[in-house]
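Please read them with the model open.

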Amino acid sequence: MPAATSQPPVKLSLPLQFQQEIYHLLRAEDILVILARGLGLLKIVTNLLHSYDAAGNSLVIIVGAEDRENEWIGEALAEHYAISRSPLAKGLRVINTDKATVAAREKIYSEGGIVSVTSRILIVDLLSKLLDPETVTGLIVLHAERVVATTTEAFITRIFRQHNKIGFLKAFSDSPEPLTSAYAPLAAMMRNLFLRKPSLWPRFHVSIAQSLEGKKRADVIELEIPMTQSMRDIQNAVMECVEMSISELKKANPGLEMDDWTPDSALHQNFDAIVRRQLDPVWHRVSWRTKQIANDLTVLRSILHSLLSYDSVSLLKYLDTVHATHSPPPGSTRHDQSPWLFSDAASTIFQSAKNRVYNGKAEDTGALPTSKLPDSLSPVLEEQPKWAVLAEILQEIEVDAYLNPTLRDDSNDTILIMCNDQRACRQVKEYLQTMHVKPLPQDMNEGQAPHEIEAEEQRGSAEFMMRRKLREYLGWKKTFAQVSASLFEENQKSLNDIKGNTAAARLNSKAPANKRRRLRGGGGAGMGPSRTAHGAVMIEDKAAQVASLLAELRPTESEALQKEEIIVDDLRDAGEDFFELYEPDDQIVVHPYDGDQDDQLLEEIRPRYIIMYSPATDFIRRVEVYRSSHSDRSVRAYFMYYGGSIEEQRYLSAVRREKDAFTKLIRERGSMAVTMTDAGTIDPQEAFLRTVNTRIAGGGRLAATAAPPTVVVDVREFRSALPSLLHGRSMITVPCQLTVGDYVLSPHICVERKSIRDLIASFKNGRLFNQAETMLQHYKYPFLLIEFDANKSFTLDPFADLTSISTLKTPDSDTKDLQSKLVLLTLAFPRLKVIWSSSPYQTAEIFEELKKQQEEPDPLKAVQIGLAEGEDPDERTFNTGPQELLRTIPGVTAKNASRLYLETKNVLEVANMSLDELDPMVGRESGRQIVRFFTRSVFDDEDQ
């Protein structure tokens, strides 16, 4: 091991056997480590980094770290330093924003240590030689599963290995599933990372199993909770809708590979994303109905998730928004809308969700039943089954701690409840705070024994919370109806303007006859949810019904005594006696799953009891690692899940998919050839011959240039794959802050690259016309490059919906709109040449052709073009996101936008300006439009 002999030994915190084995492997050679999720990958990385940091005199670059991971690594390195007191350790420095100036970055690089840099900044620094690759001790690549041939991380490793043959290179991943989708994924990843040896560590690895399954195993109690009947009905109805949507997709697209298109795979995989990815290459040829169904699958998956995580009132509220979004507006045909809304299963979903919250109260008058709905509604307020079980678990823990006191160890008696997200945390917290509040007086005359009455009072109930939520829901629904009506009128007006311009619309403007469908029998009309004239589900309540329900839900005396939750304490008059410390034994901590941060959470809280409110594979492993790492801490974990639900299926399939992914990678490693990682060492004579121009037609001479071809690239373009592909074609890419154009190929050729989304946005805000004008002003041959995605169809049709102004579309109008704008652009600028490219690969070939027999560009001149005399290019950098947002506001034009950029801090300041403040910057009329836009309320009608 390359450790300095003069230095004191480095203290590490890797208590488990498999962690030490991985660490020794990493110190010995360059490898790719793929570890099962939840086994503490970042802990191994931080120990490795500390060993290099403590040795000193090194510069280690971390690539691919997210902001949260940078915080974790920084804290971990600081803790290691506090323990080992290594004098040469510098800790972690982070460069993750453009605010870090060139001088500041250069200083950080020269001082050495551990530096985490974002990929875009690092590649620019490497190409501009601000950071010499030869001075880098080594490269650490996190999230290696994201590295493909066209990513910036692959570009960085290629540059690093070309100029530095002796520095170490180590890559890490804890997500093997994405690697199973391609052919020979492990070999491709090793080639992209310039590594030769992979090291795979699944949960079933012998060393990991021995470390986690010894005497110090965590005590895990599994609780299968049955769903209520209405929850099962809704789940079955949603699955019926999913099955129907899949069969419709199969019928409409027989030419696609559809082996995975099953209701079972729709449960647990990112099924909607997989379907969309398969349809992308033929998106312009699929029918509108297919596109609608592909979007519906996302909605249906969301409903399935909401059924198990939302309470019954919140689910009904969410379904109302889904219904409002997907139901047919007046004047539309049913073929334009979601097919699942017309099924009986959809009516089951909406009706069952409604019946969980409230239903009709039958008036016992002795009269015969009629077809009318009852005039009054009564609250049902079905509780989630997990709530009662959670209350029982807490009661059991309390009784157990009292009757069987354990010997004091290093654990606190804190109870940790882990949920899927913040919303579930809020729901659990609110339930625990209010479960003993009884809003309604209990009827004691049921012949119950005193101990039964006492037990009933102690049992948790969500009645108080649910009544409050229902009151809020009924108020929200009234407001929601107003807002949706106001927005629909606005959309309808703009649609009428579009439709009024077409001849077909004028011919078909006659209103259709008012047809009525006869109902057989007198009693069937009001039993289920009603439907619109087109057959879609329509759920409405009468105003009188809602009023009577609100009257019944009026806050009782016990509810009125409850304090409102204080979001922010008023600490102005708070003295020392205002604050107090809670004993850890009294705490119940409710926290969402948070990836690698959960390891830190367990170390800090040291809980004795852990309740997993929702199942998570990685967290169970984190508990196993935590328990096995600390022999003096006892842990009991409760594992809750709904039996027979998609929650259970999703958990089991996640375990199965990870195991299958590792099995496939292990098989591939067994038969994999040695990956050659020689990064572009070319014989000097061959390098010279590559630059020879053999085109001697027309009496030209055989010419050769000593230097390879050069392209000047705008630094903002390094988010795309094109600079990496140009470098792969032996071109020198020079990153610069360009004012005019994105790529400069020669002193006379300038290219403005636009993806399709970029192109549409540039037409909307008028930026493209300004860019074309400046290119024509300074270059002889200006080009507009329109680049498509390699995995999508080479046509404008799939992008038509990006320019749409509403959900109702007239066929082909948007595509024609984009084409007409392009025609107007070419008419306005006849010298502007348009290049259509099907992918970044083709763009690189086109650039190579354009550069033939052309002089090389001068980067200094390219930077100065477009700047005023003596102006510094760094002073013209703005945050482009808020700029584009500001340009979409009525009243902001290309002429007055620059004044707003220079004289205001942000969009918030513009939004709060008065007309008198805006007048000197944009003029009276434009200022009036801006003020009107920001002050208009969607609650107001158009006439007000």
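1. Is Tyr310 buried or exposed? The model is a predicted one, and in it Tyr310 has a relative accessible area of 16%. The cut-off for buried is under 20%, so Tyr310 counts as buried.

2. Tyr310 also has two neighbours worth checking on screen. With Tyr318 it makes an aromatic pair of the edge-to-face kind, the centres being 6.2 Å apart and the planes at 80°. Arg423 lies over the face of Tyr310, 3.9 Å from the ring centre.

3. Other aromatic features can be listed briefly. The structure contains 13 aromatic pairs. One aromatic cluster is made up of Phe639, Tyr641 and Tyr651. Elsewhere, Arg27 places its charged end over the ring of Tyr52, at 4.6 Å from the centre of that ring.

4. Some overall figures give the setting. The protein has 944 residues, of which 46% count as buried. Its secondary structure comprises 36 helices and 24 strands. Among contacts with a separation of 6 or more, 75% are between residues 24 or more positions apart.

5. What is the strand order in the open sheet of 5 strands? The order is E8-E16-E15-E11-E14, and the pairing is parallel. Strand E8 (219-226) and strand E14 (588-592) are the edge strands, each pairing on one side only. From one strand to the next, the twist averages 20°.

6. Within this sheet, the pairing of E11 with E14 can be followed residue by residue. Strand E11 covers residues 415-419 and is joined to E14 by 5 bridges in the parallel sense. Ile417 has Val590 of E14 opposite. Strands of a sheet pair through backbone hydrogen bonds.

7. Helix H16 (residues 422-434) lies across E11 and E14 and runs at about 160° to E14.

8. Which residues of E2 lie on each side? Leu59, Ile61 and Val63 are on one side, Val60 and Ile62 are on the other, and all are buried, so that both faces are covered. In a regular strand the side chains alternate between the two faces of the sheet.

9. E2 has parallel partners in both E4 and E5. Strand E4 (residues 113-117) is joined to E2 by 5 bridges, and strand E5 (residues 138-141) by 4 bridges. Ile62 stands opposite Ser116 in E4 and opposite Ile140 in E5.

10. The buried residues of H9 include Ile234, Val238, Cys241, Val242, Ser245 and Leu249. An α-helix has 3.6 residues a turn, so residues three or four places apart point the same way. The buried set of H9 also includes Ser230, Met231, Gln235, Ala237, Met239 and Ile246.

Note on methods
Residues are numbered from 1 along each chain as its sequence is written. This is a predicted model: local features need pLDDT of at least 70, side-chain atom pairs count only at pLDDT 80 or more; totals for chains, interfaces and linings use all residues. Side-chain values use heavy atoms; hydrogens and water are left out. Rings of Phe, Tyr and Trp (its six-membered ring) pair if their centres lie within 6.5 Å; planes under 30 degrees apart count as stacked, over 60 as edge-to-face and the rest as tilted. Buried means under 20% relative accessible area, exposed over 50%, partly exposed in between (1.4 Å probe, protein chains only). A charge sits over a ring if NZ of Lys or CZ of Arg is within 6 Å of the ring centre and within 35 degrees of the ring normal. Two strands pair if DSSP finds at least two bridges between them. Helices (H or I, at least four residues) and strands (E, at least two) are DSSP runs, numbered from the N terminus. Axes are lines fitted to C-alpha atoms, for helices over the stretch in contact, and angles run from 0 to 180 degrees between N-to-C directions. Contact means heavy atoms within 4.5 Å.
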